[in-house]
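The sequence and structure are shown first, and the description follows.

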Amino acid sequence: MQHPTVTNISLHDHAESMLQEKISERVLSGEVIIVRQSLQAIGYFESLQEASLNGIRRATGQEKAAKIKNKGFEAFHEVINLDELPSVTHHTYEVVRSLAPKIAKKLIKKVFQQEKAFYFEEYPNVRFHVPYDIVVQRKDEFNTFAWNGKVTAHGPHHDSWYQCPTNSINIWIAIGKVKIGNGLNIYPQVYGKLLPCTKDGKIQRDQYFGSALNFELEPGDALIFHGEHLHSSEINSTDATRHVISLRMTLDKPKFLNPHSPYKYDYIYSQPNDGFWEEFTQFVVRKFHNISKKINSIIAQEKNQNYIISPEIISKFDDTSMAFPQEISVKTSSRKLVGDTKLILDSKELKLGEIRPISQKLCAAKINERRVVVFDRYCPHEGADLAAGYLRNDCVVCPWHNLPINLQSGASPCQSLQKISVFDYQEESQKIKGSEAE
Ligand code: FES
Ligand SMILES: [Fe+2]
(Lines give C-alpha, C1' and ligand atoms only; values in the text may rest on other atoms or scores of the structure.)
(Ligands and ions follow the chains in the order given, each with its own letter.)
Protein backbone atom coordinates (compact mmCIF):
# COMPACT_ATOMS: atom_id res chain seq x y z
CA MET A 1 0.00 0.00 0.00
CA GLN A 2 1.20 3.51 -0.79
CA HIS A 3 1.84 5.62 2.28
CA PRO A 4 -0.75 8.29 2.99
CA THR A 5 0.23 11.86 2.23
CA VAL A 6 -0.07 15.13 4.11
CA THR A 7 -1.88 18.03 2.45
CA ASN A 8 -2.00 21.64 3.60
CA ILE A 9 -5.06 23.66 2.71
CA SER A 10 -6.37 27.07 3.51
CA LEU A 11 -10.07 27.87 3.40
CA HIS A 12 -9.53 31.35 2.05
CA ASP A 13 -8.09 30.42 -1.29
CA HIS A 14 -10.62 29.35 -3.90
CA ALA A 15 -8.17 27.14 -5.80
CA GLU A 16 -7.28 25.36 -2.61
CA SER A 17 -10.86 24.99 -1.56
CA MET A 18 -11.30 22.86 -4.69
CA LEU A 19 -8.94 20.44 -2.97
CA GLN A 20 -11.64 19.84 -0.42
CA GLU A 21 -13.68 17.79 -2.81
CA LYS A 22 -14.19 14.36 -1.41
CA ILE A 23 -12.18 15.36 1.61
CA SER A 24 -13.92 12.86 3.87
CA GLU A 25 -13.12 9.90 1.61
CA ARG A 26 -9.54 11.08 1.38
CA VAL A 27 -9.19 11.32 5.16
CA LEU A 28 -10.78 7.90 5.58
CA SER A 29 -8.22 6.55 3.10
CA GLY A 30 -5.37 7.81 5.28
CA GLU A 31 -4.59 11.29 3.95
CA VAL A 32 -3.65 13.73 6.71
CA ILE A 33 -4.95 17.23 6.08
CA ILE A 34 -3.87 20.43 7.78
CA VAL A 35 -6.40 23.20 7.49
CA ARG A 36 -4.59 26.42 8.24
CA GLN A 37 -6.58 28.97 10.26
CA SER A 38 -9.63 26.71 10.34
CA LEU A 39 -11.13 28.36 13.43
CA GLN A 40 -10.66 31.83 11.98
CA ALA A 41 -12.39 30.66 8.77
CA ILE A 42 -15.46 29.36 10.61
CA GLY A 43 -15.59 32.36 12.95
CA TYR A 44 -14.80 30.44 16.15
CA PHE A 45 -11.23 31.48 16.89
CA GLU A 46 -11.97 34.05 19.59
CA SER A 47 -14.80 32.05 21.15
CA LEU A 48 -12.72 28.88 21.59
CA GLN A 49 -9.79 30.83 23.02
CA GLU A 50 -12.25 32.56 25.34
CA ALA A 51 -13.82 29.18 26.25
CA SER A 52 -10.44 27.91 27.45
CA LEU A 53 -9.77 31.11 29.39
CA ASN A 54 -13.23 30.81 30.88
CA GLY A 55 -12.47 27.26 32.06
CA ILE A 56 -9.24 28.54 33.64
CA ARG A 57 -11.12 31.45 35.21
CA ARG A 58 -13.79 29.21 36.73
CA ALA A 59 -11.18 26.84 38.13
CA THR A 60 -8.52 29.26 39.37
CA GLY A 61 -9.92 32.80 39.35
CA GLN A 62 -9.69 35.93 37.26
CA GLU A 63 -6.07 36.78 38.02
CA LYS A 64 -4.55 33.58 36.61
CA ALA A 65 -6.82 33.65 33.56
CA ALA A 66 -5.71 37.23 32.86
CA LYS A 67 -2.04 36.23 33.14
CA ILE A 68 -2.48 33.38 30.66
CA LYS A 69 -4.39 35.64 28.28
CA ASN A 70 -1.45 37.98 28.43
CA LYS A 71 1.39 35.44 28.16
CA GLY A 72 -0.31 32.84 25.93
CA PHE A 73 -1.35 29.22 26.61
CA GLU A 74 2.30 28.22 26.15
CA ALA A 75 2.97 29.77 29.60
CA PHE A 76 0.15 27.78 31.24
CA HIS A 77 2.51 25.83 33.53
CA GLU A 78 4.17 29.05 34.74
CA VAL A 79 0.84 30.30 36.07
CA ILE A 80 -1.13 27.20 37.10
CA ASN A 81 -0.30 24.86 40.00
CA LEU A 82 -0.35 21.32 38.69
CA ASP A 83 -2.96 20.33 41.26
CA GLU A 84 -5.29 22.81 39.54
CA LEU A 85 -4.95 21.01 36.21
CA PRO A 86 -7.84 18.53 36.77
CA SER A 87 -10.21 21.32 37.67
CA VAL A 88 -9.08 23.53 34.77
CA THR A 89 -9.52 20.65 32.34
CA HIS A 90 -12.93 19.80 33.75
CA HIS A 91 -14.25 23.35 33.54
CA THR A 92 -12.84 23.83 30.05
CA TYR A 93 -14.58 20.61 28.97
CA GLU A 94 -17.88 21.98 30.22
CA VAL A 95 -17.55 25.28 28.39
CA VAL A 96 -16.26 23.71 25.16
CA ARG A 97 -18.93 21.04 25.20
CA SER A 98 -21.65 23.65 24.87
CA LEU A 99 -19.94 25.01 21.74
CA ALA A 100 -19.27 21.61 20.14
CA PRO A 101 -22.55 21.22 18.17
CA LYS A 102 -22.15 24.60 16.47
CA ILE A 103 -18.46 24.10 15.72
CA ALA A 104 -19.15 20.64 14.32
CA LYS A 105 -21.83 22.05 11.99
CA LYS A 106 -19.56 24.81 10.74
CA LEU A 107 -16.69 22.41 10.09
CA ILE A 108 -18.96 20.05 8.21
CA LYS A 109 -20.11 22.82 5.93
CA LYS A 110 -16.92 24.73 5.45
CA VAL A 111 -14.24 22.03 5.56
CA PHE A 112 -16.07 18.93 4.40
CA GLN A 113 -18.52 20.83 2.19
CA GLN A 114 -21.14 18.33 3.16
CA GLU A 115 -24.87 18.98 3.20
CA LYS A 116 -26.04 15.68 4.63
CA ALA A 117 -26.47 14.56 8.24
CA PHE A 118 -23.43 13.57 10.29
CA TYR A 119 -22.52 12.45 13.83
CA PHE A 120 -20.18 14.07 16.34
CA GLU A 121 -18.84 13.03 19.71
CA GLU A 122 -20.62 14.86 22.49
CA TYR A 123 -17.47 15.46 24.56
CA PRO A 124 -14.58 17.14 22.79
CA ASN A 125 -11.15 16.40 24.23
CA VAL A 126 -9.33 19.17 26.02
CA ARG A 127 -5.63 18.88 26.65
CA PHE A 128 -3.03 21.08 28.30
CA HIS A 129 0.18 19.13 27.65
CA VAL A 130 2.74 20.45 30.13
CA PRO A 131 6.53 20.11 29.51
CA TYR A 132 7.83 16.76 30.78
CA ASP A 133 10.63 18.26 32.90
CA ILE A 134 8.12 20.51 34.67
CA VAL A 135 5.90 17.52 35.48
CA VAL A 136 8.89 15.68 36.96
CA GLN A 137 10.16 18.68 38.92
CA ARG A 138 6.74 19.47 40.33
CA LYS A 139 5.25 16.02 40.72
CA ASP A 140 4.56 16.63 44.42
CA GLU A 141 1.90 19.13 43.34
CA PHE A 142 -0.48 16.47 42.07
CA ASN A 143 -1.63 12.91 42.37
CA THR A 144 0.14 11.23 39.44
CA PHE A 145 -2.01 8.15 39.54
CA ALA A 146 -5.33 9.96 39.28
CA TRP A 147 -4.20 12.26 36.48
CA ASN A 148 -1.96 9.95 34.57
CA GLY A 149 -3.71 10.53 31.24
CA LYS A 150 -3.58 14.30 31.64
CA VAL A 151 0.11 14.77 32.31
CA THR A 152 1.63 11.81 30.49
CA ALA A 153 2.07 11.42 26.76
CA HIS A 154 -0.35 8.97 25.11
CA GLY A 155 1.44 5.99 23.60
CA PRO A 156 0.86 4.81 20.02
CA HIS A 157 -2.71 3.59 19.56
CA HIS A 158 -5.61 3.24 17.19
CA ASP A 159 -8.70 5.00 18.56
CA SER A 160 -10.69 1.78 18.15
CA TRP A 161 -8.52 0.24 20.93
CA TYR A 162 -10.51 2.55 23.20
CA GLN A 163 -13.82 1.60 21.67
CA CYS A 164 -14.14 4.65 19.40
CA PRO A 165 -15.73 4.17 15.96
CA THR A 166 -13.55 2.75 13.21
CA ASN A 167 -14.82 5.42 10.82
CA SER A 168 -14.06 8.38 13.09
CA ILE A 169 -12.35 11.49 11.80
CA ASN A 170 -10.22 13.36 14.33
CA ILE A 171 -10.14 17.12 14.14
CA TRP A 172 -7.25 18.19 16.33
CA ILE A 173 -7.33 21.95 16.73
CA ALA A 174 -4.44 24.06 18.03
CA ILE A 175 -5.69 26.64 20.52
CA GLY A 176 -2.13 27.70 21.37
CA LYS A 177 0.98 27.02 19.27
CA VAL A 178 1.99 23.41 18.58
CA LYS A 179 5.71 22.87 18.11
CA ILE A 180 7.82 19.93 17.01
CA GLY A 181 8.59 18.36 20.39
CA ASN A 182 5.17 18.81 21.99
CA GLY A 183 2.76 17.75 19.25
CA LEU A 184 1.33 14.63 17.71
CA ASN A 185 2.92 11.64 15.99
CA ILE A 186 1.21 9.86 13.11
CA TYR A 187 2.79 6.68 11.73
CA PRO A 188 1.80 6.50 8.05
CA GLN A 189 3.74 3.35 7.21
CA VAL A 190 1.33 1.11 9.13
CA TYR A 191 -1.86 2.81 7.98
CA GLY A 192 -4.49 0.18 7.17
CA LYS A 193 -3.23 -2.28 9.79
CA LEU A 194 -4.91 -2.82 13.13
CA LEU A 195 -2.00 -3.57 15.43
CA PRO A 196 -2.36 -5.74 18.50
CA CYS A 197 -2.36 -4.13 21.94
CA THR A 198 -1.76 -5.37 25.48
CA LYS A 199 -4.81 -6.05 27.59
CA ASP A 200 -4.49 -2.64 29.25
CA GLY A 201 -4.53 -0.88 25.89
CA LYS A 202 -0.83 -0.25 25.29
CA ILE A 203 1.28 -0.87 22.20
CA GLN A 204 3.31 -4.08 22.40
CA ARG A 205 7.03 -3.55 22.64
CA ASP A 206 7.81 -5.84 19.69
CA GLN A 207 5.94 -3.75 17.13
CA TYR A 208 7.75 -1.80 14.43
CA PHE A 209 5.91 1.00 12.69
CA GLY A 210 8.53 3.17 11.00
CA SER A 211 9.03 6.90 11.40
CA ALA A 212 6.48 9.44 12.58
CA LEU A 213 4.99 12.48 10.90
CA ASN A 214 5.07 15.59 13.10
CA PHE A 215 3.41 18.93 12.67
CA GLU A 216 3.86 22.58 13.57
CA LEU A 217 0.58 24.40 14.00
CA GLU A 218 -0.39 27.98 14.68
CA PRO A 219 -3.39 28.78 16.87
CA GLY A 220 -6.58 28.01 14.94
CA ASP A 221 -4.99 25.43 12.59
CA ALA A 222 -6.62 21.98 12.48
CA LEU A 223 -5.03 18.62 11.81
CA ILE A 224 -7.55 16.22 10.33
CA PHE A 225 -6.86 12.48 10.29
CA HIS A 226 -8.55 9.10 10.45
CA GLY A 227 -8.75 7.81 14.05
CA GLU A 228 -7.48 4.45 12.81
CA HIS A 229 -4.11 5.95 11.95
CA LEU A 230 -1.65 4.73 14.58
CA HIS A 231 -0.93 7.94 16.52
CA SER A 232 0.53 9.14 19.82
CA SER A 233 1.57 12.28 21.70
CA GLU A 234 5.12 13.50 21.58
CA ILE A 235 6.70 13.61 25.03
CA ASN A 236 6.74 17.35 25.68
CA SER A 237 10.46 18.08 25.40
CA THR A 238 9.93 21.83 24.83
CA ASP A 239 9.52 24.58 27.42
CA ALA A 240 5.96 25.37 26.28
CA THR A 241 2.59 23.91 27.26
CA ARG A 242 0.66 22.70 24.21
CA HIS A 243 -3.08 23.41 24.31
CA VAL A 244 -5.29 21.55 21.87
CA ILE A 245 -9.01 20.77 21.65
CA SER A 246 -10.06 17.82 19.53
CA LEU A 247 -13.38 16.68 18.14
CA ARG A 248 -14.32 13.35 16.64
CA MET A 249 -16.92 12.98 13.93
CA THR A 250 -18.28 10.33 11.66
CA LEU A 251 -19.85 11.30 8.38
CA ASP A 252 -21.90 8.13 8.22
CA LYS A 253 -23.31 6.15 11.09
CA PRO A 254 -20.56 5.41 13.63
CA LYS A 255 -19.23 1.85 13.27
CA PHE A 256 -17.87 0.10 16.35
CA LEU A 257 -15.71 -3.02 16.62
CA ASN A 258 -17.56 -3.76 19.82
CA PRO A 259 -21.33 -3.39 19.39
CA HIS A 260 -21.57 -2.62 23.13
CA SER A 261 -19.03 0.18 23.05
CA PRO A 262 -19.69 2.68 25.86
CA TYR A 263 -19.18 5.44 23.28
CA LYS A 264 -22.12 4.26 21.27
CA TYR A 265 -24.41 6.79 22.91
CA ASP A 266 -21.91 9.64 22.85
CA TYR A 267 -22.28 10.17 19.11
CA ILE A 268 -24.92 12.75 18.37
CA TYR A 269 -26.76 12.86 15.07
CA SER A 270 -26.86 16.28 13.52
CA GLN A 271 -28.05 18.09 10.41
CA PRO A 272 -25.57 20.47 8.82
CA ASN A 273 -28.05 23.33 8.39
CA ASP A 274 -29.76 25.69 10.76
CA GLY A 275 -33.43 26.60 10.61
CA PHE A 276 -36.66 25.45 12.22
CA TRP A 277 -36.82 21.88 10.83
CA GLU A 278 -33.19 21.16 11.56
CA GLU A 279 -33.59 22.50 15.10
CA PHE A 280 -36.75 20.46 15.59
CA THR A 281 -35.18 17.23 14.26
CA GLN A 282 -32.18 17.86 16.45
CA PHE A 283 -34.43 18.35 19.48
CA VAL A 284 -36.29 15.06 18.88
CA VAL A 285 -33.09 13.14 18.15
CA ARG A 286 -31.44 14.48 21.28
CA LYS A 287 -34.40 13.49 23.48
CA PHE A 288 -34.37 9.99 22.02
CA HIS A 289 -30.60 9.82 22.38
CA ASN A 290 -30.74 10.79 26.07
CA ILE A 291 -33.41 8.20 26.83
CA SER A 292 -31.43 5.45 25.02
CA LYS A 293 -28.29 6.49 26.88
CA LYS A 294 -30.05 6.24 30.25
CA ILE A 295 -31.54 2.82 29.45
CA ASN A 296 -28.16 1.59 28.26
CA SER A 297 -26.36 2.79 31.37
CA ILE A 298 -28.88 0.91 33.54
CA ILE A 299 -28.60 -2.33 31.52
CA ALA A 300 -24.85 -2.29 30.95
CA GLN A 301 -23.86 -0.81 34.29
CA GLU A 302 -20.65 -2.56 35.18
CA LYS A 303 -19.97 -4.15 31.79
CA ASN A 304 -17.71 -1.55 30.22
CA GLN A 305 -16.05 0.13 33.15
CA ASN A 306 -12.77 0.62 31.41
CA TYR A 307 -12.72 1.78 27.86
CA ILE A 308 -10.28 -0.87 26.69
CA ILE A 309 -11.31 -3.34 24.08
CA SER A 310 -12.08 -6.93 25.03
CA PRO A 311 -9.61 -9.84 24.51
CA GLU A 312 -12.00 -11.47 21.96
CA ILE A 313 -11.83 -8.41 19.75
CA ILE A 314 -8.07 -8.04 20.29
CA SER A 315 -7.65 -11.56 18.94
CA LYS A 316 -9.06 -10.39 15.59
CA PHE A 317 -6.38 -7.70 15.15
CA ASP A 318 -3.48 -8.07 12.73
CA ASP A 319 -0.66 -10.17 14.13
CA THR A 320 2.05 -7.70 13.68
CA SER A 321 3.11 -4.38 12.26
CA MET A 322 5.95 -4.21 9.75
CA ALA A 323 8.77 -6.71 10.13
CA PHE A 324 10.75 -5.92 13.27
CA PRO A 325 14.48 -5.27 12.57
CA GLN A 326 16.37 -8.54 12.88
CA GLU A 327 19.16 -9.03 15.34
CA ILE A 328 22.65 -9.09 13.82
CA SER A 329 25.21 -11.53 15.05
CA VAL A 330 27.97 -10.33 17.36
CA LYS A 331 30.74 -11.93 19.33
CA THR A 332 32.07 -10.39 22.51
CA SER A 333 35.16 -11.56 24.28
CA SER A 334 34.19 -10.48 27.76
CA ARG A 335 30.97 -9.78 29.57
CA LYS A 336 31.23 -6.09 30.39
CA LEU A 337 30.88 -3.71 27.46
CA VAL A 338 33.19 -0.89 28.54
CA GLY A 339 36.69 0.35 27.73
CA ASP A 340 38.62 -2.16 25.66
CA THR A 341 36.08 -4.97 25.63
CA LYS A 342 36.04 -6.59 22.23
CA LEU A 343 32.81 -6.55 20.38
CA ILE A 344 32.91 -8.05 16.94
CA LEU A 345 30.13 -7.51 14.49
CA ASP A 346 29.96 -7.55 10.77
CA SER A 347 29.05 -3.94 10.15
CA LYS A 348 28.52 -4.73 6.45
CA GLU A 349 25.32 -6.34 7.65
CA LEU A 350 24.20 -2.86 8.72
CA LYS A 351 22.81 -0.65 6.01
CA LEU A 352 23.27 3.10 6.15
CA GLY A 353 20.55 4.66 8.31
CA GLU A 354 19.49 1.34 9.75
CA ILE A 355 19.13 0.35 13.42
CA ARG A 356 19.40 -3.32 14.39
CA PRO A 357 19.34 -5.03 17.77
CA ILE A 358 22.55 -6.85 18.65
CA SER A 359 21.59 -8.26 22.06
CA GLN A 360 18.86 -8.03 24.67
CA LYS A 361 20.41 -4.79 25.91
CA LEU A 362 22.07 -3.12 22.93
CA CYS A 363 21.47 -2.07 19.37
CA ALA A 364 23.71 -0.74 16.61
CA ALA A 365 23.23 1.83 13.88
CA LYS A 366 25.26 2.99 10.94
CA ILE A 367 24.78 6.74 11.02
CA ASN A 368 27.18 7.55 8.18
CA GLU A 369 29.77 5.78 6.03
CA ARG A 370 32.41 6.19 8.71
CA ARG A 371 30.47 5.81 11.94
CA VAL A 372 28.76 2.85 13.51
CA VAL A 373 27.42 3.32 17.03
CA VAL A 374 26.28 0.86 19.63
CA PHE A 375 23.81 2.08 22.24
CA ASP A 376 21.35 1.06 24.95
CA ARG A 377 18.30 -0.62 23.59
CA TYR A 378 15.62 0.82 25.90
CA CYS A 379 14.30 4.35 26.11
CA PRO A 380 14.76 6.07 29.48
CA HIS A 381 11.20 7.43 29.32
CA GLU A 382 8.90 4.40 29.32
CA GLY A 383 11.22 1.72 28.04
CA ALA A 384 10.30 1.49 24.34
CA ASP A 385 12.67 -0.59 22.25
CA LEU A 386 15.00 1.81 20.43
CA ALA A 387 15.76 -0.90 17.89
CA ALA A 388 12.30 0.00 16.54
CA GLY A 389 13.19 3.70 16.45
CA TYR A 390 14.62 5.67 13.56
CA LEU A 391 17.56 7.99 12.91
CA ARG A 392 17.12 11.73 12.49
CA ASN A 393 20.08 14.12 12.32
CA ASP A 394 22.48 12.83 15.00
CA CYS A 395 19.77 11.22 17.07
CA VAL A 396 17.94 7.97 17.53
CA VAL A 397 14.25 8.85 17.81
CA CYS A 398 12.14 6.76 20.17
CA PRO A 399 9.23 5.01 18.43
CA TRP A 400 6.65 5.65 21.16
CA HIS A 401 6.71 9.38 21.97
CA ASN A 402 9.28 10.67 19.49
CA LEU A 403 12.01 11.59 21.97
CA PRO A 404 15.26 12.38 20.09
CA ILE A 405 18.34 10.99 21.88
CA ASN A 406 21.70 12.31 20.77
CA LEU A 407 24.13 9.64 19.60
CA GLN A 408 27.20 11.58 20.76
CA SER A 409 26.16 12.42 24.28
CA GLY A 410 23.37 9.91 24.98
CA ALA A 411 21.23 12.84 26.22
CA SER A 412 17.75 13.93 25.16
CA PRO A 413 16.18 17.41 25.42
CA CYS A 414 14.43 16.25 28.63
CA GLN A 415 16.96 16.99 31.37
CA SER A 416 15.15 14.84 33.89
CA LEU A 417 15.61 11.67 31.82
CA GLN A 418 18.74 9.57 32.24
CA LYS A 419 21.27 9.54 29.45
CA ILE A 420 21.70 6.32 27.55
CA SER A 421 25.11 4.71 27.02
CA VAL A 422 26.57 5.21 23.54
CA PHE A 423 29.74 3.56 22.18
CA ASP A 424 31.59 4.12 18.93
CA TYR A 425 32.31 0.90 17.10
CA GLN A 426 35.73 0.75 15.53
CA GLU A 427 35.94 -1.76 12.76
CA GLU A 428 39.76 -2.03 12.50
CA SER A 429 40.36 -2.89 16.12
CA GLN A 430 36.98 -4.55 16.52
CA LYS A 431 36.52 -2.63 19.73
CA ILE A 432 34.01 -0.25 21.06
CA LYS A 433 34.99 2.95 22.77
CA GLY A 434 32.80 5.16 24.84
CA SER A 435 31.47 5.81 28.26
CA GLU A 436 28.47 4.49 30.04
CA ALA A 437 25.87 6.94 31.23
CA GLU A 438 26.43 8.24 34.72
S1 FES B 1 9.80 8.64 24.45
FE2 FES B 1 8.37 7.55 25.63
S3 FES B 1 9.16 5.57 25.70
FE4 FES B 1 10.60 6.66 24.56
FE1 LIG C 1 -6.29 8.98 19.85
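## Terms and basis

A residue is called buried when its relative accessible area is under 20%, exposed when it is over 50%, and partly exposed in between, with a 1.4 Å probe and protein chains only. By this definition Gln163 is buried, with a relative accessible area of 3%.

The model is predicted, so that local features need pLDDT of at least 70 and side-chain atom pairs count only at pLDDT 80 or more, while totals for chains, interfaces and linings use all residues. Residues are numbered from 1 along each chain as its sequence is written, chains are lettered from A and ligands numbered from 1 in the order in which they are written, and side-chain values use heavy atoms, with hydrogens and water left out.

## Overall composition

The chain has 11 helices and 20 strands; helices (H or I, at least four residues) and strands (E, at least two) are DSSP runs, numbered from the N terminus. Of the 438 residues in the chain, 53% are buried. Contact means heavy atoms within 4.5 Å. Among contacts between residues at least 6 apart in sequence, 72% join residues at least 24 apart.

## Nonpolar cores

A nonpolar core is a set of buried Ala, Val, Leu, Ile, Met, Phe, Trp, Tyr and Cys residues joined through side-chain atoms within 4.5 Å. The largest one here has 50 residues, and those with the most contacts inside it are Ile56, Phe76, Phe112, Ile171 and Ile224. Helix H7 (residues 85-110) supplies the largest share of this core, nine residues. Apart from this core lies another, of 36 residues, among them Tyr132, Tyr187, Phe209 and Cys379.

Leaving out residues up to four places away in sequence, Ile56 touches Gly61, Ala65, Ile68, Phe73, Phe76, Ile80, Val88, Thr92 and Phe128.

## Packing of helix H4

Two packed helices are described by the angle between their axes and the distance between the axes. Axes are lines fitted to C-alpha atoms, for helices over the stretch in contact, and angles run from 0 to 180 degrees between N-to-C directions. Helix H4 (residues 45-60) packs against H7 at an angle of about 150°, with the axes 7 Å apart. H4 and H7 are therefore roughly antiparallel to each other, a label for angles over 145 degrees, whereas those under 35 count as roughly parallel, 65 to 115 as roughly perpendicular and the rest as oblique. Residues of H4 in this contact include Ser47, Leu48 and Ile56, and those of H7 include Val88, His91 and Thr92.

The axes of H4 and helix H5 (residues 62-71) come within 7 Å and cross at roughly 150°. This contact is made by Glu50, Leu53, Ile56, Arg57 and Thr60 of H4 with Gln62, Lys64, Ala65, Ile68 and Lys69 of H5.

## Lys105 and Phe118

Lys105 has its place in helix H7 and is buried, with a relative accessible area of 12%. Beyond its neighbours within four places in sequence, Lys105 is in contact with Phe118, Ser270, Gln271, Pro272, Asn273, Asp274 and Glu279.

Phe118 is found in strand S3 (residues 118-121) and is buried, at 0% relative accessible area. Phe118 and Pro272 are 154 residues apart in sequence, yet 7.4 Å apart in space, C-alpha to C-alpha.

## Positive phi values

Gln113 is found in the loop between H7 and S3. Its phi is near 45°, a positive value in a residue other than glycine, and Gln113 counts as partly exposed at 43% relative accessibility. Gln163, in the loop between helix H9 (148-151) and strand S5 (169-174), has a positive phi near 70°.
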